Amino acid sequence: MIKVMFICHGNICRSPMAEFIFKDMIKKLGAQDEFIAASSATSREEIGNDIYPPAKRKLREMGIPFSKRGARQFEKSDYDKYDYIFIMERYNFVNLCRIIRDDPDGKVHLMTEFTDLGDDIADPWYSGNFDLTYDEIRESCIGFLKHLGYDTSKL
């Protein structure tokens, strides 16, 4: 079982989008029993809040199923529970280190690490561009699945 955590600042835009996009992909690959996927925040600002409405609209538009959820903050104990911890931007690592101190097992990865995208996933909270964020997250999830050896040609 591969356990994956997606992290952004507030856990209402990028990280829940990544969680549900990834869950949809692994279901389409017939690999949903091989993974656990979740998302969380580095901050406490949005704790308990559901996914930001424009993020929900984008997921609906793309046919990605999602469920009502409450934002949660990453906890130090989560570090031991997850195999891969994907941060949406480098700034998230700074905040994550306030919680976990460091990354001795090399579990923390930039979401775009297995792509040619560059550094950060665009933050739609500021830009309003949920299309770009969706595309970058989708490409990043596909890159990660390819890295693990999955045939993603039908995604």
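Predicted model: local features only at pLDDT ≥ 70, side-chain atom pairs only at ≥ 80, totals over all residues.
Student: What radius of gyration does the protein have?

Tutor: The protein has 14 Å, which agrees with the value near 15 Å that a compact globule of 155 residues would have. Its C-alpha atoms fill a box of roughly 40 × 35 × 30 Å, taken along the principal axes.

Student: How many helices and strands does the protein have?

Tutor: Helices (H or I, at least four residues) and strands (E, at least two) are DSSP runs, numbered from the N terminus. This protein has six helices and four strands, and along the sequence they follow the pattern β-α-β-α-α-β-α-β-α-α.

Student: Which residues of helix 4 are buried?

Tutor: Buried means under 20% relative accessible area, exposed over 50%, and partly exposed in between, with a 1.4 Å probe and protein chains only. In helix 4, residues 90-100, the buried ones are Asn-92, Asn-95, Leu-96, Cys-97, Ile-99 and Ile-100, and their cover includes strand 1 (2-8), helix 3 (78-81), strand 3 (84-87) and strand 4 (108-110), where contact means heavy atoms within 4.5 Å. In the protein as a whole, buried residues make up 53% of the 155 residues.

Student: What follows helix 4?

Tutor: Arg-101 follows helix 4, and its phi is positive, near 75 degrees. In the loop between helix 4 and strand 4 lies Pro-104, which counts as exposed because its relative accessibility is 60%. The C-alpha atoms of Pro-104 and Asp-50 are separated by 32 Å, and these residues are 54 residues apart along the chain.

Student: Which residues are closest to the centre of the largest pocket?

Tutor: On a 1 Å grid over the protein atoms alone, a pocket is an open set of points where a 1.4 Å probe fits, with protein on both sides within 12 Å along at least five of seven lines, and lining residues have an atom within 4 Å of a point. About 240 Å³ of space lies in the largest pocket; of the 15 residues that line it, the closest to its centre are His-9, Gly-10, Asp-123, Trp-125 and Tyr-126. Helix 4 and helix 5 (124-127) each supply at least two residues of that lining.

Note on methods. Residues numbered from 1 in each chain as written. Heavy atoms only, no water. Points joined across faces, edges and corners; volume = space filled by probe spheres on them. Rg over C-alpha atoms; globule rule 2.2 N^0.38 Å.
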